[in-house]
Amino acid sequence: MVVEIDKSSGFCFGVVNAISSAERELGNTDILYCLGDIVHNSLEVERLEALGLRTIDHEEFSRLQGKKVLLRAHGEPPSTYQTAERNHIQIIDATCPVVLQLQKKIHRCYEATRESNTQLVIYGKKGHAEVNGLVGQTEGTAIVIEKVEDLDKLDFSRPIALFSQTTKSLDGFRNIVSEIKCRISPDAVFNYYDTICRQVANRLPNIQKFASAHDWVYFVAGKKSSNGKMLFEECRKANPNTQFISAADEITERLPEFVSKVGVCGATSTPKWLMEEIAEKIKQVNA
């Protein structure tokens with residue numbers, strides 16, 4: 001049996017940067033706080049916690065005084081920086097450059113259009129850390145759209161400016177754009193900005209090609225990863241013999257007789273070491 005790991009899977013640049021920042025700081029200090037899971041992968045979080053990383057939520061963050069806190073790749077709203085300044089917290093800012101650029105773009109749009117009654121719309125997952133940071137750039141006024149059905153929240157007689165969470169699918173974004181174009185009043189202005197990260201978007205065709213080239217696929221991701229959920233569904237469309245797993249110990253049974261080529265791939269939040277561990281487990285169980 002041949003077991004192959006997808007070379008294009010694994011951490012994106014933003015996650016690599018955040019983890020490198022954490023490791024660098026942990027080399028100089030015993031404890032480093034991180035606001036939220038540094039990556040949506042529990043095993044990688046556990047690895048870093050063993051080095052001294054402590055994951056906190058916003059409530060705990062608001063009570064800290066004079067500590068050092070890492071902001072992960074997803075980014076944060078302005079209120080987080082205001083709290084840090086008030087509580088004398090030293091920020092290690094590991095916000096992904098792509099997310100940071102998007103935050104600035106949305107804020108500029110908000111400042112430029114607030115007088116014209118424009119609705120700022122974000123295509124993304126409601127409550128997701130990145131989306132919360134983006135909504136914060138509009139003083140909480142942006143409308144979050146997860147699917148076409150959510151467009152009923154909009155007033156199509158008023159101007160609309162549409163942005164996207166960086167990890168959403170291009171096809172989904174294009175569907176939203178198309179639907180708004182169909183519904184918006186001829187007298188209302190509609191501007192849309194494709195703000196999807198290409199490093200993430202390009203994984204879709206790559207992972208589809210990889211999945212279809214194997215008899216069986218293990219897709220590896222944390223259960224909290226929205227990018228993982230999206231890529232897994234696309235992977236399964238390309239190859240119905242795709243199984244979602246988060247850890248090597250989930251592999252307990254031999255694969256069917258027809259399987260001779262197995263693929264291991266994952267999300268932008270999946271560490272390479274975990275995919276390698278899973279590849280070894282596949283070989284052991286099927287030896």
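**Exercise 1. Determine which residue of strand S5 is the bridge partner of Leu70, and describe the sheet around this pair.**

*Solution.* Step 1. In this predicted model, Leu70 has Ile92 of S5 as its bridge partner.

Step 1. Consider next the two strands concerned. Strand S4 (residues 68-71) pairs with S5 in the parallel sense, over 4 bridges.

Step 2. The pairing belongs to an open sheet of 4 strands, whose order is S3-S2-S4-S5 and whose pairing is parallel. Strand S3 (53-56) and strand S5 (90-93) each have a single partner strand, so they stand at the edges, and one side of each lacks a neighbour in the sheet.

Step 3. On average, and with direction ignored, neighbouring strands of this sheet are turned by 35° against each other. Helix H1 packs on the sheet and touches S2, S3, S4 and S5; the direction of H1 makes about 165° with that of S4.

**Exercise 2. Decide whether Glu25 is buried or exposed, and state which residues it touches beyond four places in sequence.**

*Solution.* Step 1. Glu25 lies in helix H1.

Step 1. The cut-off for a buried residue is under 20% relative accessible area. Glu25 has 15% relative accessibility and therefore counts as buried.

Step 2. Apart from residues up to four places away in sequence, Glu25 touches Leu32, Lys68 and Ile92. Glu25 and Ile92 are 67 residues apart in sequence, yet 8.7 Å apart in space, C-alpha to C-alpha.

**Exercise 3. Identify the elements that give two or more residues to the largest nonpolar core.**

*Solution.* Step 1. The largest nonpolar core has 20 residues; Val15, Ile19, Leu32, Ile38, Val39, Leu53 and Leu70 have the most contacts inside it.

Step 1. The elements that give two or more residues to this core are helix H1 (13-26), strand S2 (32-35) and helix H2 (42-49). H1 gives the most, with 5 residues.

Step 2. With neighbours within four places in sequence left aside, Leu53 is in contact with Leu26, Leu32, Cys34, Ile38 and Leu48.

Step 3. A second, separate core has 18 residues, among them Tyr123, Leu151, Ala188 and Ile196. In soluble globular proteins, nonpolar side chains tend to be buried together.

**Exercise 4. Give the strand order of the open sheet that contains S6 and S8, and name the helices that lie across both strands.**

*Solution.* Step 1. The 4 strands of this open sheet follow the order S7-S6-S8-S9, and the pairing is parallel. Strand S7 (143-145) and strand S9 (190-192) are the edge strands, each pairing on one side only.

Step 1. Strand S6 (residues 119-123) pairs with strand S8 (residues 160-164) in the parallel sense over 5 bridges. Within S8, Ile160 is the bridge partner of Gln119.

Step 2. Helix H5 (residues 97-113) lies across S6 and S8 and runs at about 170° to S8. Helix H7 (residues 170-183) lies across S6, S7, S8 and S9, also at about 170° to S8.

How values were computed:
Residues are numbered from 1 along each chain as its sequence is written. This is a predicted model: local features need pLDDT of at least 70, side-chain atom pairs count only at pLDDT 80 or more; totals for chains, interfaces and linings use all residues. Side-chain values use heavy atoms; hydrogens and water are left out. A nonpolar core is a set of buried Ala, Val, Leu, Ile, Met, Phe, Trp, Tyr and Cys residues joined through side-chain atoms within 4.5 Å. Buried means under 20% relative accessible area, exposed over 50%, partly exposed in between (1.4 Å probe, protein chains only). Contact means heavy atoms within 4.5 Å. Two strands pair if DSSP finds at least two bridges between them. Axes are lines fitted to C-alpha atoms, for helices over the stretch in contact, and angles run from 0 to 180 degrees between N-to-C directions.
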